[in-house]
Each structure stands twice: as C-alpha cells, then as structure tokens.
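Subject: Structure handover

Hello,

Here is the structure for you to look over. My notes follow below it.

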Amino acid sequence: MTVDFLMHWFERKIRRYEHRRWTTDDNRRVQPFHWGLEHIGGSPDDPNPAAFVRDYSRRAIESSMDWYAASPAPDYRLDRENVLTFTSSIASPWPENNTVHAQLFPGRQSIPSRFSSNHSGHAVLLLPNWNAKWHGQNGLCHWIQRMGITVLKMSMPYHDRRMAHGHERADQICGPNIGLTLQANRQAVQDARRCLHWLEQQGYTKLGILGTSIGSSVGYITLVHDERIRAGGFFHVSTYYADVISQGMTTNHVWEGLRGHVRVDELRQYWSPISPMPYVERGMGAGRTTFMVYGKYDPTMLPELTRQMLDSLRRHGADPRTLELPCGHYSLELAPFSYIAGYRMLTFFGESLP
C-alpha cells in the first residue's frame, strides 16, 4: 500500500465515524424561524426586524466591553458536593436557565508533576461543548485537577440542569431564533465572567479558560474581554457563528430553519457579536497566550475556517500555539487523539500559569 492510499483510507474511516456519530443523535428537530427581537430589547411587531438586528449587533460590537460586562453575583453558594450555583446576570424566559450551575474540582497534587510544585492560586474555567451532559468532560477536569490546578466546569445556558422544561436539547443557544441565540451566547459569556469573579474571591489569581466547540467560541470571547485570564486553551476553532451553522454537519438542522429567511452574509452580520472573528480583527487577541487544537477532517468546524481564524490572529498581532490532529470533531474524543490533545493542553496550562 502506498502512503497516499493509507492516508485516504484513514481519512475516509474518520469521516465515516463522524457521520455515524452525527446520525446517532435522533432528537434533532428543525425549529421554526423567529427574529426573536423580544430577547434583545425589541418588539416582535417591529416592521423591519432585519434593520433592528443589524443596528443592535453593530452597537453591541462597538461597545462589546459594556455588552459583555458582568458584576459578581449576589448569591454564590457552594454545596457539599462542590456544586456552585448563582443567579445569571441575564433573565431569560426560562427560570431553570437563570440559575447557573458549575462543578468545582479542587486542585490536588496526588502525583509527581513535571510542572510547578505549587499551583495553589491557579484555576481554569472549563466551558463544555454544545449539548454536553452534566458529567461530560469530567475526565479532563480530573487530569487538570491532578496537576494541582483547580477546575470550575460551568454548565452552559440551557444545558443539563439549566435545560428549559420540555426540551431535550439546548436549541436556544444555537437555533434559528436570531435574537434568542444572541441573548443565550451573551449570557454564556457573562455567566463565565461571574464564575471568574467567584474564583477570584476564593483567592485564585492565576486564571485560565478552556473551551470545547461552542465553549471554545464563548471562551475566546471571554478571554479577550476579561484581562484576568492569563491563558486560553481551545478545542476546535472557527471564525463566524454563521459560517459554522451554514457549513457544519452537526448544525445542518439549524441551517434548515434559517436558510429560507436569511442569507449567510446577513446572518454573519446579525450574529457578529457572538463570533470570535470581529474581536480578532480589532486586535483584541494580540498578546494573549492561547493554544488551539483542531481536527484536520472536522466536518463541523471546517478546517478552512480554522485556518482563516489562525491567519487572522497572526495578521493582527497574536501568536497562538496550534496543534492539528488527523481527526474530526467527535473523533477528537478517541484514543490516541484525546491523549495527545489532553497531554498537550495540560502542558500548555502548566507552562502558562506559572
């Protein structure tokens, strides 16, 4: 067998696995399109909803430091099971979503570490992937915890314990409701910043952030809007929210609900405040320490979009560390990719949070 044949065979194998994993989720539904102006301060009776959203998004981008600002929560509570709860700074129409839940994994030095012997003031805020379960990514949390670095894993809006009554998926944070998607992603960033406030109150002064997929998008936006974060690690990287929705395999059903109502270029403009790229183009990522891991055969966050993001970061003064693996979106969870990516990510945080 030639090397080229083996590589093509391996790529086909990865792509078949990605497609098989995608088809195992049988609860995806094409939701109806809504402008959702009521979620962003508008009226559902506005005669020109497109103009309202364009103006809203333009102002949000221009004043993003204020749009994403979040004060400490007034009611932090950590229970005996190390679950932190507090009230979100945004009140959505679903009460269960408005209480933030986050799992704390206190750092411990249970094995010899090749990094610093004292990580007592170090903590990483972890933001999981879209539709992650309550126990999702706990293995990664335990890895970081064993380095002596504390992890706080935040449940994203509309996920697990925050899921809206009667729903099986977190369609509000990624769906064909323009205003609600804006509100939910803004809420995710503000919730993350309230988590950072709490960590700071507990004496953690060296903070990092780690995101996966949609958590990567929210995490990067949090990073560039919060100077307390020293390092950001991201699994799966892309440019604009609209490009991922319109081109990605796992968001095909979302695009089906949108495609008859908006063009991609319009959607890119509407959802620009919740996309990483506008902040990259403003140079907000320059000087920040980041590590970005992505799959060469990712059918969800396409590699060409990842390359556009990385090229833009470098053009605008950033110098991200990167790791491309011969896998896809779901298959990053498989060995050996998960071990390689996990080890490199742990190394990154061990070196970047001295």
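**What covers helix α4**

The buried residues of α4 are covered by elements that include β3 (99–105), β4, β5, β6 (206–212), β7 (229–235) and α12. Contact here means heavy atoms within 4.5 Å. Helices (H or I, at least four residues) and strands (E, at least two) are DSSP runs, numbered from the N terminus. Buried means under 20% relative accessible area, exposed over 50%, and partly exposed in between, with a 1.4 Å probe and protein chains only.

This is a predicted model, in which local features need pLDDT of at least 70 and side-chain atom pairs count only at pLDDT 80 or more, while totals for chains, interfaces and linings use all residues. Residues are numbered from 1 along each chain as its sequence is written, and side-chain values use heavy atoms, with hydrogens and water left out.

Which residues of α4 are buried? They are Asn138, Leu140, Cys141, Ile144 and Gln145. Seen down the axis of α4, the buried residues fall within an arc of 155°, so they line one face of the helix. The arc is that of the directions from the helix axis to the C-beta atoms. After α4 comes Gly148, with a positive phi near 95°.

**Aromatic pairs**

A pair of aromatic rings is described by the distance of the centres and the angle of the planes. Rings of Phe, Tyr and Trp (its six-membered ring) pair if their centres lie within 6.5 Å. Planes under 30 degrees apart count as stacked, over 60 as edge-to-face and the rest as tilted.

The structure holds 14 aromatic pairs. One of them is Tyr68 with Tyr279, edge-to-face, at 6.5 Å centre to centre and 65° between the planes. This pair links distant parts of the chain, 211 residues apart. Tyr68 is in the loop between α3 (64–67) and β1 (77–78), and Tyr279 is in helix α10 (residues 277–281). Both Tyr68 and Tyr279 are buried.

Tyr241 and Trp271 have ring centres 5.3 Å apart and planes at 80°, so this pair is edge-to-face. It also links distant parts of the chain, 30 residues apart. Tyr241 belongs to helix α7 (residues 241–247), and Trp271 to the loop between α9 (264–270) and α10. Tyr241 counts as buried at 7% relative accessibility. Trp271 is buried too, at 0%.

One aromatic cluster is formed by Phe52, Tyr56, Trp67, Tyr68 and Tyr279.

**Charges over rings**

A charge sits over a ring if NZ of Lys or CZ of Arg is within 6 Å of the ring centre and within 35 degrees of the ring normal. The charged end of Arg161 sits over the ring of Trp134, 3.8 Å from its centre. Arg169 lies over the face of Trp130, 5.1 Å from the ring centre.

**Backbone points to check**

- The peptide bond from Ala335 to Pro336 is cis, with omega near 5°. Pro336 is in the loop between β9 (321–325) and α12 (337–352).
- Asn131 is not a glycine, yet its phi is positive, near 65°. Asn131 is in the loop between β4 (122–127) and α4 (138–146). At 17% relative accessibility, Asn131 counts as buried.
- Tyr158 is not a glycine either, and its phi is positive at about 70°. Tyr158 is in the loop between β5 (150–154) and α5 (178–201). The relative accessible area of Tyr158 is 0%, so it is buried.

Neighbours up to four places away in sequence are not counted in either list.

Asn97 is in the loop between β2 (83–87) and β3. Asn97 is buried, at 0% relative accessible area. Asn97 touches Ser92, Pro157, Tyr158, Arg162 and Gln187.

Ile178 lies in helix α5. Ile178 counts as buried at 0% relative accessibility. What does Ile178 touch? Its contacts are Phe33, His34, Trp35, Val53, Leu258, Leu267, Tyr270 and Trp271.

Regards
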